[in-house]
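The sequence and structure come before the comments.

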Amino acid sequence: MLKKKNARRLSLAKLPFEQKIEILLQLQKMAASVRRMAGRRGPPAWK
Amino acid sequence: MEKVVHILNELEKEGLITGYALGGAVAFLFYAEPVLTYDLDVFVFLPPSSEKLMTLSPIYEFLKKKGYAARQEHILIEGIPVQLIPAYNTLIEEAVKKARAAKYKKVLTKVIRPEHLLAIALQTGRLKDQERVVQLIKQTRIDGNLLTGILKKHNLTAKWNEVKKKAKI
């Protein structure tokens with residue numbers, strides 16, 4: 001399982017820059033919704 | 001993000017900065033897997049000035065006219081908190097000078113090379129920087145000769161050996 005996880009991380013690292021920025025935006029949105037549910041505020045996601 | 005790169009190129013064209021390169025987490029992201037970050041660190045060269053103190057005021061004024069406001073240590077450009085950091089030591093200066101050209105959606109920009117990113121992370125030395133060093137080593141191709149030269153020049157070899165030992169790499 002660890003091997004698979006590392007392979008996945010490596011494949012993410014090889015993605016084009018634009019695609020990685022898209023993933024970053026998704027991560028920011030996910031983090032914001034988790035914070036909202038916990039009643040906390042934090043930095044807004046990029047537009 | 002595309003707009004930010006445009007603005008950085010515009011700042012350079014207008015002579016408000018004489019060079020720049022993307023650094024920090026976004027530069028790491030260029031070479032390694034995406035990790036959560038909220039700000040965009042940009043290392044800049046400021047034009048020579050007669051003032052003894054470096055000032056970002058002309059840049060802030062220029063951006064203010066475009067509708068971008070300062071928020072704490074950042075300037076909010078199209079919703080992205082951008083931190084312009086004047087190159088503050090010889091390692092950063094070298095990293096900006098030797099930054100590699102890259103494209104973001106057809107717009108040309110500059111990103112600090114992984115070997116310099118690694119050295120900067122070692123120099124900064126926070127826990128998250130050490131994690132980034134390990135991530136870079138595992139996920140991107142590092143030019144060993146270039147890295148050795150940078151580490152020697154900036155007295156970072158001992159720190160490098162320490163991190164390597166700790167991370168078993």
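1. The structure is a predicted model. All that follows should be read as a description of that prediction.

2. Secondary structure and overall dimensions. Chain B contains eight helices and seven strands. Its C-alpha trace extends over about 50 × 35 × 30 Å along the principal axes. The radius of gyration is 16 Å, which agrees with the value near 15 Å that a compact globule of 169 residues would have.

3. Burial and contacts. Of the 169 residues in chain B, 50% are buried. Among contacts with a separation of 6 or more, 67% are between residues 24 or more positions apart.

4. Surface and charge. The chain carries 27 positive and 18 negative side chains. The centres of these two sets are 5 Å apart.

5. Strand S1 of chain B. This strand covers residues 19-22, and both of its faces are covered. In a regular strand, side chains alternate between the two faces of the sheet. In S1(B), B:Gly19 and B:Ala21 lie on one side, B:Tyr20 and B:Leu22 on the other, and all four are buried.

6. Pairing of S1(B) with S2(B). Strand S2 of chain B spans residues 40-45 and pairs with S1(B) in the antiparallel sense, over four bridges. Two of the facing positions can be named: B:Ala21 is opposite B:Phe43, and B:Tyr20 is opposite B:Val44.

7. How many residues of S2(B) are buried? Six of the six are, so the strand is largely enclosed by the rest of the structure. B:Leu40, B:Val42 and B:Val44 point one way, while B:Asp41, B:Phe43 and B:Phe45 point the other way. The buried set therefore includes an aspartate, B:Asp41, under the cut-off of 20% relative accessible area.

8. Pairing of S2(B) with S5(B). Strand S5 of chain B comprises residues 80-86 and runs parallel to S2(B), with five bridges joining the two. Here B:Phe43 is opposite B:Ile85.

9. B:Glu78. Most residues other than glycine have a negative phi. B:Glu78 has a positive one, near 50°. This residue sits in the loop between strand S4 (74-77) and S5 of chain B. Its relative accessible area is 37%, so B:Glu78 is classed as partly exposed.

10. B:Asn155. A positive phi is also found at B:Asn155, where the value is near 55°. B:Asn155 belongs to the loop between helix H7 (144-153) and helix H8 (157-167) of chain B. With a relative accessible area of 69%, B:Asn155 is exposed.

11. B:Asp129. Apart from neighbours within four places in sequence, B:Asp129 is in contact with B:Ala121 and B:Thr124.

12. Places to look at in the model. On the strands, S2(B) can be viewed with its partners S1(B) and S5(B). On backbone angles, the residues with positive phi discussed here are B:Glu78 and B:Asn155.

Methods. Residues are numbered from 1 along each chain as its sequence is written. Chains are lettered from A and ligands numbered from 1 in the order in which they are written. This is a predicted model: local features need pLDDT of at least 70, side-chain atom pairs count only at pLDDT 80 or more; totals for chains, interfaces and linings use all residues. Side-chain values use heavy atoms; hydrogens and water are left out. The radius of gyration is taken over C-alpha atoms; the globule rule is 2.2 Å times the number of residues to the power 0.38. Buried means under 20% relative accessible area, exposed over 50%, partly exposed in between (1.4 Å probe, protein chains only). Contact means heavy atoms within 4.5 Å. Lys and Arg count as positive and Asp and Glu as negative; His and the chain ends are not counted. The place of a charge is taken as NZ of Lys, CZ of Arg, CG of Asp or CD of Glu. Two strands pair if DSSP finds at least two bridges between them.
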